[in-house]
Amino acid sequence: MKTETIAIHAGNKKDEASRAVIQPIIMSTTFERGEAGDFPGGHIYSRSSNPNRASLENVLAKLENGVDAASFSSGNAAGMAVFQSLPPGTHIIAPDDMYHGLRNQLKNLFAGILTFDFIDVNDTEVLQQHIKPETGIIWIETPSNPLLKITDIKKIVAIAKAKGIKVAVDNTFATPICQQPLSLGADIVMHSATKYFGGHSDLMGGALITAEKSDWWAKIRQVQEMGGAIPSPMDCYMLVRSIKTLPYRVRGHVQNAQLLAEFLEQHPKVEKVMYPGLPSHPQYHIAKDQMLAFGGMLSFTIKGDRDDTHNIINKLQLFTRATSLGGVESLIEHRATVEGPDTKTPFNLLRVSVGLEHIDDLIEDLSLALA
């Protein structure tokens, strides 16, 4: 099936009793045993499994060309499940501009349990220098947050496989509509489902999708069940509902982001635009090779200081000053403020989640603010 068909059908199961076309929400926390003590419905307890969660995980796996998926209550919970599944002493290599929420997890919660280096994973020589006998994972985030760096997934996979190292890819910015890392050789894909999967800024979720049902995946599943950081049946239902329109929504985000990036690149008060769909992007040719589309996120720096960036965003009418991304409404934020005192993000940088408003209105709003 094509992506649009998978998005609509792989997460839905018609109700056999009522013949309802859309799967109902099963709120029950527990399920009746059969006379022999078995579970004929396939579910025991909702922390372990739930019909709505099973449907969500099915569509997530199929969208990413994986064999299985595990859903969580947030993207951070999904990322943490990967770290919790690793033996103590495992070494992780991660990008120097890794999403600050997961970077802070490693630094504040796993220090002393795991070891890690934050490096420029695009520099092959530097990457090779940091590989150790105990290195278990190379973590990739592409496009990265908030600098929109592109990492050559196939190149990293080749280096990792030669050393017996797993590759995990945070695919949140791209979504499976724009990029499919498992098809490029990655072992696991992570998503904050709060973002484009949800698409309306009204629910939270996270997901991991695997290329194979390995012992490592079994450990991650164990973390999911025993830790219990799972999405509710209602959240699963809403995510499945939103995913039905994901391919078409993402196309609109991509189209608007490309046009907005081209406008900003020509503006005299803009210093630099970071968007992988621009030929000026330093990894444009890598993005063109491995991405199906360039995504709906962009960042740009202005010719000014921190106060100037705040003055610009305070003048905007359509772009909401808020964290998060992937919703139908356009959001903008001063990322360095969000990331805190150890940020490496330039203080004149603004990150934009380009929404689905009419592009002429978005351009006019930014034009007035920049003027």
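Modeller: Contact here means heavy atoms within 4.5 Å. Keep in mind that this is a predicted model. The chain splits into domain 1, residues 3-241, and domain 2, residues 245-370. On that contact rule, 40 residues of domain 1 touch 40 residues of domain 2. Going by C-alpha atoms, the centres of domain 1 and domain 2 sit 26 Å apart.

As for area, about 3200 Å² gets buried between domain 1 and domain 2, and carbon and sulfur atoms account for 60% of it. On the domain 1 side, the residues that lose the most area to domain 2 are I150, C178 and Y196, which together make up 22% of what that side buries.

Now the polar part. There are 15 residue pairs in polar contact across the interface of domain 1 and domain 2, with both partners at pLDDT 80 or more. The salt-bridge rule picks up two pairs across that interface. Have a look at E4 and R251: they form a salt bridge, and their closest N and O atoms are 1.9 Å apart.

Which helices does domain 1 bring to this? At least two residues each come from α1 (3-9), α4 (100-109), α6 (153-163) and α7 (175-178) on the side that touches domain 2.

Definitions and conventions. Residues numbered from 1 in each chain as written. Predicted model: local features only at pLDDT ≥ 70, side-chain atom pairs only at ≥ 80, totals over all residues. Heavy atoms only, no water. Domains from an automatic or database assignment. Buried area = accessible area lost by both parts, 1.4 Å probe. Salt bridge = Lys/Arg side-chain N within 4 Å of Asp/Glu carboxyl O. Polar contact = N/O pair within 3.5 Å; in protein donor to acceptor, adjacent residues only side chain to side chain. Helix = DSSP H or I, 4+ residues; strand = E, 2+ residues; numbered from the N terminus.
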